[in-house]
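This briefing concerns aromatic rings and their contacts. Please examine the sequence and the structure before turning to the points that follow.

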Amino acid sequence: MLRTLLAAGAALFCASSVHAQSRLGEIKDPETRAWWAITEALSGDDMEGRDTGAPGYDRAANLVAQHFAKAGLKPAGDNGTWFQEVALHEVALAKAGTSFTLVHDGGGEVPLRFLHDISFRPADDTPARLDAPLTFRGYCAPDALDGAAGKIVICFNTRRQGLTTGAQRVRAVQAAGAAGIVQVDDPGFTIEPFRWPQAYARSVGFADAKPAGPTLPAMSLSAAAFETLLAGTGRDAKAILAQGGAKQPLESFDIPARLRATLSVTTRDYRSSNVLALLSGTDPKLGAEHVVLTAHLDGYGYGEPVGGDSLYNGTLDDAAYVALLVRVAEQRAGKGHRRGVLFAVVTGEEKGLLGSNWYVKHPTLPLKDAVAVLNLDQLRPLYPLKILTTLAVDDTSLGATARKLAAPMGVEVRPDLEPERGLLSRTDHWPFMQAGVPAISFIFGFDPGTEAEARYREWYQTRYHRPQDDIGQPMDFQAARDFNAFYARLVAKVANAPERPTWNPASPFKPKAP
């Protein structure tokens, strides 16, 4: 990471010269235009998708820090800088030299396309080769795994409540002595469908993390490839997947084939940085406390092409909402609220909430003084803002505050109606909640069967973690303007309230008394 800001006199933002199709001419509202200009700068092709540890990420981080400096904020990173370095270790599978082949017992081989049919979660101890017979064991509960030792176990990758979780399946298969696990898609999980191709096969963690022990080779398989795998066996792959999607019992059976894989493993160590900036509080008493505003700067970078495009720009995930943090800072122009406000633009969210977890473990301001986290992620302004699905809405007093601010706007604040997706634990407020800090995060909501739902589902099918999440995608700029205004008011309300937010007594996440 560069340790100095860009040269004095350089433009604070510029719509990417590579992405010539700027949307600024469509936007009449000056505040929304300023927000989108920063969004275009952060998600233009010249930022290369802001992959963790990539030069494009460093350029974007420096640009954000420069904005914060001009807005009158103070550095809140390591050693008086804007940056908090996070040392990371990456294990990846190179596409060249990696192959997967289905070898039938009766003869014949069928290749499976890496990243299109099958993917792999690499680890430091991933073997160079894998060759073992296949067996299907339904939901892979422990009682379904007798005789699985030495085999590659195929499990139905359910995310439905009341069935095994992914982590439970891995633990059970490893305990059974299997040679590997393959989790096959649930095509009926349409609230967040599985998508192929995958961008790449990488695992990223903290460089100082100690190995937990031998790693079970873990793979994912598309529903279409599962049909290929069972072709000629007399088993109906579509029927099996439909039964799993309906939470019906699944029969276990061995498959007359082996999976043979050649794995080209690469490793590297690098550093990526959170960008941290403080708007100091003004109240003699409350000024020692602070509200944390989080959004993640990292994206996917370059990956497997989709529609001929290999650059995953990450405009709405999450460049636009880093840009919103910048605008919130710029609107204040150095004028503080009663409490301080920590702007935490974090790295490594897409690789496992790494930047936010690192900050919680190594806070640059006392974590006991953090009164709330107001997170920005998972926001898709694709239709008018009438409903805000709000994560952790009933866990702390922040939910009531959000409802009071949204009501005059004609916006209904709702709890998450799709908890199976696990969105609560998939974004950067989660490590703070686990540390006892009240937190809240938002999603543009919808009623079932409406045009809003259709647009939301289409986005997740075609743009989520795809190159198509770029500045040219459909947008409702009025909806974006409405949310941005709501968020700025929420920041001010929480930062100026005489009392700090509190946990609701019934919350399962409420910190336990010492």
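A residue is called buried when its relative accessible area is under 20%. The model discussed here is predicted.

**Pair F68 and F343**
- F68 and F343 form a tilted aromatic pair, with 5.5 Å from centre to centre and 50° between the planes.
- Distant parts of the chain are linked by this pair: F68 belongs to helix α2 (residues 55-70) and F343 to strand β16 (residues 340-346), 275 residues apart.
- F343 has a relative accessible area of 1% and therefore counts as buried.
- F68 is likewise buried, because its relative accessibility is 0%.

**Pair F136 and F226**
- The rings of F136 and F226 also form a tilted pair, at 5.7 Å centre to centre and with 40° between the planes.
- Since F136 lies in strand β6 (residues 129-136) and F226 in helix α4 (residues 223-230), the pair ties together parts that are 90 residues apart in sequence.
- F136 and F226 are both buried.

**Aromatic cluster**
- One aromatic cluster is formed by W35, W36, Y321, Y383, F442, F444, F477, F483, F486 and Y487.

**Arginine over ring faces**
- R202 lies over the face of Y200, at 3.6 Å from the ring centre.
- For R235, the ring is that of F253: R235 lies over its face, at 4.1 Å from the ring centre.

Conventions. Residues are numbered from 1 along each chain as its sequence is written. This is a predicted model: local features need pLDDT of at least 70, side-chain atom pairs count only at pLDDT 80 or more; totals for chains, interfaces and linings use all residues. Side-chain values use heavy atoms; hydrogens and water are left out. Rings of Phe, Tyr and Trp (its six-membered ring) pair if their centres lie within 6.5 Å; planes under 30 degrees apart count as stacked, over 60 as edge-to-face and the rest as tilted. Helices (H or I, at least four residues) and strands (E, at least two) are DSSP runs, numbered from the N terminus. Buried means under 20% relative accessible area, exposed over 50%, partly exposed in between (1.4 Å probe, protein chains only). A charge sits over a ring if NZ of Lys or CZ of Arg is within 6 Å of the ring centre and within 35 degrees of the ring normal.
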